[in-house]
Amino acid sequence: MRTADFDFALPSALIAQTPAPARDQARLLVLERATGRLAHRHFVDLLEYFRPGDVLVLNDSRVIAARLRGRNLRTGGKFEALLLEENAANDWWAMLRPGKRGRPGTKIEILDKDGMLSSIQADVLEVNEEGHRRLRFSGTENILTALDALGEVPLPPYIHRSSSQPEDRERYQTVFARSDGSVAAPTAGLHFTPEFLEKIRGRGVQVCFVTLHVGPGTFAPVKVTSVAGHVMHEERYEVGAETTRLINDAGPESNIIAVGTTTLRVLESVARDNGGRIVAGAGRTRIFIYPPFPFKIVDALVTNFHLPCSTLLMLASAFAAPGETRGRELLLGAYQEAIAQNYRFFSYGDAMLIL
């Protein structure tokens, strides 16, 4: 398949720049895979599609305030760093701008979120093949615990603001987030409230969690002509024993419902490597899901609307028709209906249920 096959025109006015007034007030477009039928609902109507015995799986990764600002200790030149992955305490890979000035040996004074000089410094240790810088922090026992005082929420590039707002610290975070490590939110989970999750449990649905730390690669465009030639970014995941038990013990009539493409990638990665079953443990995945893909675990997907030509759109297209290529037409047809009905797109936008 060609990357261009997954392109579509989206009016910029439909790209949500702020969250909805309340988390669960989003709209919900329902796509029934077997018939291609669409239904326009609201997110709280999701409850009507769940049955006792179903298993709802969410990604509990927490977005860190990963965008830091600093200045060159020697020249005073400004830097912006986006933390990507922790190697050890105070040892991180990061994207640094301007990168050319961040040569190994450069010392950077870190500013707090008010632009004032902090007591923390970063030393550039090395540069990898992707151009990322390895930073060693000093002046704190663990930079991770200092980020809330120093950093900004790293909003996606299609949200056009000069900086994040105070509300983003709460709203660009799921209510069940508990494991620090993501630089982008698992956005399908943003719609859930504690009260709605309790209603779901009250219906006899098992609610459980996996962890996948979302990296900046989730926004990386597919630059090759042929989809098959794209090299997928790598992300860390973990699956616990309780989640493993609930999924493996689910009856044949029970649906495994993944909330978000990140959750689906974890489940299908683990199932692919373990004969169709879920096994507890941690690892890394580069799984790239595009049509046709034979899904082994997930029966329904709650997701947001995705960027044109993105790997996330390709994944949702594959899920719209497992093992076939016609899912692209089904999904893009649903997107055209969403555009016609003025649905809000991307991270702070509306939701979709594919079942």
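This is a predicted model: local features need pLDDT of at least 70, side-chain atom pairs count only at pLDDT 80 or more; totals for chains, interfaces and linings use all residues.
Guide: Residues are numbered from 1 along each chain as its sequence is written, and side-chain values use heavy atoms, leaving out hydrogens and water.

Visitor: Why is R67 called buried?

Guide: Buried means under 20% relative accessible area, exposed over 50%, partly exposed in between (1.4 Å probe, protein chains only). R67 comes in at 17%, so it counts as buried.

Visitor: What makes R67 and E80 a polar contact?

Guide: The term needs a pair of N or O atoms within 3.5 Å, and within protein one must be able to donate a hydrogen and the other to accept it; residues adjacent in sequence count only if both atoms are side-chain atoms. The side chains of R67 and E80 make theirs at 3.0 Å.

Visitor: Which strand holds R67?

Guide: R67 sits in β5, residues 67–72. Strands are DSSP runs of E, at least two residues, numbered from the N terminus.

Visitor: How do you know that β12 and β13 pair?

Guide: Pairing takes at least two DSSP bridges between two strands. Strands β12 (206–212) and β13 (235–239) have 3, and they run antiparallel. L212 stands opposite Y237 in β13.

Visitor: Why are β2 and β15 at the edges of the open sheet?

Guide: The order is β2-β1-β17-β16-β14-β3-β12-β13-β15, with mixed pairing. Both β2 and β15 have a single partner strand, so one side of each is left without a neighbour in the sheet.

Notes. Helices (H or I, at least four residues) and strands (E, at least two) are DSSP runs, numbered from the N terminus.
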